Amino acid sequence: MLRAYRRMGADPPWSDPAAAHGIGMEGYYWRFTDAATRRVVVVLCGACRAPGGAWALVAVATDAGPGARRVHQAIVPECRLDPGRLGVEAGDVLRADERGLRVRLGGVALEAALEVVLPWPRRWLGGLGPAQLVPGLGQYWHPHLPLAAARGVLEVDGETWSLDGWRAYAEKNWGSRFAGHWWWGQAHDLGADAASVAFAGGRLVVGAPTALVVALEPGRVLRLAPPLAHVVTASAPGRWRVRARGPVHEVELEAEAEPGAAHVLPVPVVAERRAVARSHQHLAGRLAVVVRRGRRVLWRGETELAGLERGTPLDGC
């Protein structure tokens, strides 16, 4: 019964949402940044279950400033996931677990080890809060690694980047289908503090819910998501705004990026073993966030290295 429940996307209390569910698509995502050089690296793996067997979409996007943006991607005909913990193998292209990841994709070779700085605390619910208990939702989301210190190396199209001293973030999303329109953002280069913020939401048949997570220090992670928090979101090309108010805390977040500067990243079409370009993701945008407790400002941060995304239908912009 538990396996059947998780195959519908839901997680029982105190379980690990990063472990494989056995649902149609399980998406793994890592984001690496270096504030000194303003370089950003994104790795994604969409592990899919199709009638003909398991397959995966793997992509690596890099940003080293204007004129230096690249995307490498591949369809991998085989994939294995770990039902007990975070773990994914996409042929000989990608292997990853809680400790790090290895990628070999065309002109990309990446080896990265991750040392946890801000862990997701052991809680009875994941990033979506009570919604994570509900089976059959189209998409679920969990930021299982708010902040880590990276060590390793990236080779991309003949260039070599050392990842030593970079900061990293990792999350997972899973479900049976993608929303027609979704929004997402993440940042961890928010000044001297070791902090991280992430949000994700999408337009559903009824409503457009958004979940927001702010990790301020080990053991202190604020999660604001319906129905325990009131969250209002506005998204347009190049602009994102989130207002979240919970029983104790209130968070205001504003972000912006140049509309024409986004990477166009692939999204898997699960049953057809192919990908379509639906994710418009800025690897380096501006984001400002303020956390209040009552009238008192508890924390604020700002960065020019935020990841910001809008997912749209094929004819969207």
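A residue is called buried when its relative accessible area is under 20%, exposed when it is over 50%, and partly exposed in between. The structure shown is a predicted model. In it, V116 has a relative accessible area of 45% and is therefore partly exposed. V116 belongs to strand β9, which covers residues 108–118. Its contacts, leaving out residues up to four places away in sequence, are L145, L147 and A148. The C-alpha atoms of V116 and P146 lie 8.6 Å apart, although 30 residues separate the two in sequence.

The largest nonpolar core comprises 37 residues, of which W30, F32, V41, V43, L94, L101 and L110 touch the most other members. Strand β10 (residues 139–156) contributes the most to this core, namely five residues. Apart from it lies another core of 32 residues, including V42, L128, A200 and A211. Beyond its neighbours within four places in sequence, V41 contacts several residues, among them W30, F32, L110 and W161.

The whole structure contains 18 salt bridges. In one of them, K172 pairs with E26, with the closest N and O atoms 2.5 Å apart. This pair joins strand β12 (residues 167–175) to strand β1 (residues 25–34), across 146 residues of sequence. K172 is buried, because its relative accessible area is 0%, and E26 likewise counts as buried at 1%. E111 and R104 also meet in a salt bridge, at 2.8 Å from N to O; E111 is partly exposed at 33% relative accessibility, and R104 is partly exposed at 31%. Finally, R239, E256, R286 and E302 are linked in a salt-bridge network.

Key
Residues are numbered from 1 along each chain as its sequence is written. This is a predicted model: local features need pLDDT of at least 70, side-chain atom pairs count only at pLDDT 80 or more; totals for chains, interfaces and linings use all residues. Side-chain values use heavy atoms; hydrogens and water are left out. Helices (H or I, at least four residues) and strands (E, at least two) are DSSP runs, numbered from the N terminus. Buried means under 20% relative accessible area, exposed over 50%, partly exposed in between (1.4 Å probe, protein chains only). Contact means heavy atoms within 4.5 Å. A nonpolar core is a set of buried Ala, Val, Leu, Ile, Met, Phe, Trp, Tyr and Cys residues joined through side-chain atoms within 4.5 Å. A salt bridge is a side-chain nitrogen of Lys or Arg within 4 Å of a carboxyl oxygen of Asp or Glu.
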